[in-house]
Amino acid sequence: MKKTIRIPETLHDITIAQYMAVRDVPESNELEQVVQTICILCGLNREEVLAMEQAAIQHIGGVIGGILDGYDDDHPLER
């Protein structure tokens with residue numbers, strides 16, 4: 001079953017609560033961090049994310065990473 005999801009495009013699309021939840025994602029393997037971050041920022045549950053093709057997970061993770069990395073240059077994300 002296909003589902004349309006909303007991927008944040010800028011930091012303005014991310015709420016403070018979402019940002020704080022992403023900040024609190026524990027350091028683990030990279031895929032697990034990406035899955036948890038997608039769950040938080042796209043409003044999906046873990047099963048929905050894991051049901052996606054690996055390429056889709058990597059693409060969404062790259063988009064989100066670009067947003068957060070761009071912000072991190074001036075304001076580092078504290079873990």
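A polar contact is taken here as a pair of N or O atoms within 3.5 Å; within protein, one atom must be able to donate a hydrogen and the other to accept it, and residues adjacent in sequence count only if both atoms are side-chain atoms. The model is predicted, so local features need pLDDT of at least 70 and side-chain atom pairs count only at pLDDT 80 or more, while totals for chains, interfaces and linings use all residues. Residues are numbered from 1 along each chain as its sequence is written, and side-chain values use heavy atoms, with hydrogens and water left out.

The protein chain holds four helices and zero strands, in the order α-α-α-α from the N terminus. Helices (H or I, at least four residues) and strands (E, at least two) are DSSP runs, numbered from the N terminus. Of the 79 residues in the chain, 29% are buried, where buried means under 20% relative accessible area, exposed over 50% and partly exposed in between (1.4 Å probe, protein chains only). The accessible surface comes to about 5500 Å², with 54% of it belonging to carbon and sulfur atoms; areas come from the Shrake-Rupley method with a 1.4 Å probe, and for residues only the protein chains shown count as cover. Among contacts (heavy atoms within 4.5 Å) between residues at least 6 apart in sequence, 53% join residues at least 24 apart.

At the N-terminal end, Asn 29 caps H2 through a side-chain oxygen 3.2 Å from the backbone nitrogen of Leu 31. After H2 comes Gly 43, with a positive phi near 70 degrees. The buried residues of H2 include Val 35, Ile 38 and Leu 41.

How do H1 and H2 pack? Their axes lie 9 Å apart at an angle of about 170 degrees, which makes H1 roughly antiparallel to H2 (angles over 145 degrees count as such). The contact is made by Gln 18, Ala 21 and Val 22 of H1 with Thr 37, Ile 40 and Leu 41 of H2. Axes are lines fitted to C-alpha atoms, for helices over the stretch in contact, and angles run from 0 to 180 degrees between N-to-C directions.

Within H1 (residues 16–23), Gln 18 is buried at 18% relative accessible area. A polar atom of the Gln 18 side chain lies 3.3 Å from the backbone oxygen of Ile 40.

Leu 68, in helix H4 (residues 54–72), is buried at 11% relative accessibility. Beyond four places in sequence, Leu 68 is in contact with Leu 11, Ile 14, Tyr 19 and Val 22.

Methods:
Angles under 35 degrees count as roughly parallel, over 145 as roughly antiparallel, 65 to 115 as roughly perpendicular and the rest as oblique.
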